[in-house]
Amino acid sequence: MQKSFFNHKIKMYINSIYSEEIESDTLSKILIDINEIFKGAKRIDNTESLWSEEDFLLITYADSIKKEQQKNLKTLYDFLCEYCQEFKLIHILPFFPFSSDDGFAVTNYKQINDEHGTWSDIREIGTSFSIMMDLVINHCSSQHELFKAFLKDKSNKDFFIQSKKKFTENKKIVRPRNSSLSKKIDINGEKFYVWCTFSHDQIDFNFKNPKVLIYFLRIIKFYIDNKAKALRLDAVAFLWKKLGTRCINLPETHDIIRLIRLIIEYYYGDILLITETNIPSHENLSYFGNNNEAHCIYNFSLAPLLIHSIISANSFYLKKWSRGMPPAQENNAYLNFLSTHDGIGMRPLEGILPENEVNKYINFLKNQGALLTHRKLNGKDSVYEVNITLSNALMETYTGKDNHHLKRFILAHTILFSMEGIPAVYIQNLFGTENDYKKVKKTKINRSINRKNWDYNLLVSKLKNKATKNNKLFSAINKIISLRKKQAAFHPNATQFTLQLDDEFFGIWRQSIDRSQSIFCISNLSNKKKRISLLDINLISTNKWFDILTTKKIKKIDDFLFFQPYQTYWITNKLC
């Protein structure tokens, strides 16, 4: 892209974003600032695809695994090198100093929490793995220097959304929490209110002030200089606020993402932009833009739907959703996961699961020990997410207890790894971590239930002991990952088609981009032995077919395929 065209595009986006807020003579200064910030950036022109079937993402906190008298990032690096070589990309959740929300109320964007280590530790991890960092862009901590200066004498004027009256909390405004939107503050004896989408310790930035955008562009440059290969835009859907609207997914928010994408593509070429938007599926899809916003979007509907299909032994809603999901364009991909550091989101089920089925689902998980986090909806509390580990969520089914818990857990990952997109695994799921009620009691935060801090030596001893559940799940998941990485038909952008099978099965067909490999991924979602006719999936008679997971040959294409409870077949014409 020519520099003149790049500058033209920058001006176009700035005009679109700030058309009602900015004076015309400020535009040229913003352009100068942007080019000055990224001066000297090292661009990498990579002719290869941004991702392949070999790419897996591991999600972890810096302190998910701890060792006495050692900085957490050093411990994490030791563990990654020893046990996580199957993963190319590591998402290290916020490792900055913070005041609440396990890192998402940042007090300093350019420092590392002392107990974790230093930027040299991050850069060392970056020599062996690609690192995804969080850009907590919607808000900062109430203890951040910018906000403390604002409280002192209104320095950094207009960095935060302020009013002399409480903000009107009408039904239009979409909230992810049930706390008051307005936080009362005092500046030199004068009462004001500031906007808080999440908690009163997380103060929203005012992106109507262009200085806020410039502030975050400097942070982006700093993160990339310190080995960030991917940036996760946290809670970005709430970025722009306008009274009288829903204050979510506004056009200005999309323009800001397009601007950031344009800048990092022009100056760096190979940095990935990923949006975290825990919202209904059709809204989430909009963050691909026209292949000019996020490279990847979190596929938020997949996790609750897949878990629901397994515990209910019914793929009806999963199949219906899967058939309606559009294939991602080239240079776009879904980021697929089963759980993260947060809970199982309920908003991504809107318009997919009927209300009575959602309520049944929530009540079932509650009976498995789940905690509930609420948000305000039409003036009432509504369940926003269910806080539970994946292990506990799959402990039982709607029909009660059985001895198939581990099979369900492995089944969930096998299906996850077969779906179109890039697979992401939360580190707690590698070991089958169960609900951590002690941490919830200590932190008084529901999400802590799935944020266990493992002792390094204890975890390693469990992983080395073949009799433990942790070893069995870790070994099984890693074996499936290893097999999956060899299959061209599992490229994140390879063709996907949802098969028409009975509801106790879930099946998809994947075909490699060059059409040389097909894989039929078929799973038994029930605790019963089942069979299907191979004629139902139309295997081509001129090809030889194999099951990737067992390497067994399919001798007759008109025969039956027999399934054990929760068994999956990956049937392919090209065994790698």
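1. Leu-371 lies opposite Asn-387 of strand β16 in this predicted model. Strands β15 (residues 371-377) and β16 (residues 380-387) run antiparallel and are joined by seven bridges; strands pair if DSSP finds at least two bridges between them. The two strands form a hairpin with two residues between them, and Asn-378 in the turn has a positive phi of about 55°. Strands (E, at least two residues) and helices (H or I, at least four) are DSSP runs, numbered from the N terminus.

2. Residues are numbered from 1 along each chain as its sequence is written. The model being predicted, local features need pLDDT of at least 70, side-chain atom pairs count only at pLDDT 80 or more, totals for chains, interfaces and linings use all residues, and side-chain values use heavy atoms, with hydrogens and water left out.

3. Helices α13 (residues 405-418) and α17 (residues 469-484) pack with their axes 10 Å apart, at an angle of about 25°. They are therefore roughly parallel to each other (angles under 35 degrees). Residues in contact (heavy atoms within 4.5 Å) include His-405, Phe-409 and Phe-417 of α13 and Lys-469, Ile-477 and Arg-484 of α17. By class, this contact has nine nonpolar, three polar and three charged residues; Ala, Val, Leu, Ile, Met, Phe, Trp, Tyr, Cys and Pro count as nonpolar, Asp, Glu, Lys and Arg as charged, and the others, Gly among them, as polar.

4. In helix α2 (residues 27-37), the buried residues are Leu-27, Ile-30, Leu-31, Asp-33, Ile-34, Asn-35 and Ile-37 (buried: under 20% relative accessible area, 1.4 Å probe, protein chains only). These buried residues pack against α1 (3-18), α6 (210-225) and α7 (251-267).

Methods
Axes are lines fitted to C-alpha atoms, for helices over the stretch in contact, and angles run from 0 to 180 degrees between N-to-C directions. Angles under 35 degrees count as roughly parallel, over 145 as roughly antiparallel, 65 to 115 as roughly perpendicular and the rest as oblique. Buried means under 20% relative accessible area, exposed over 50%, partly exposed in between (1.4 Å probe, protein chains only).
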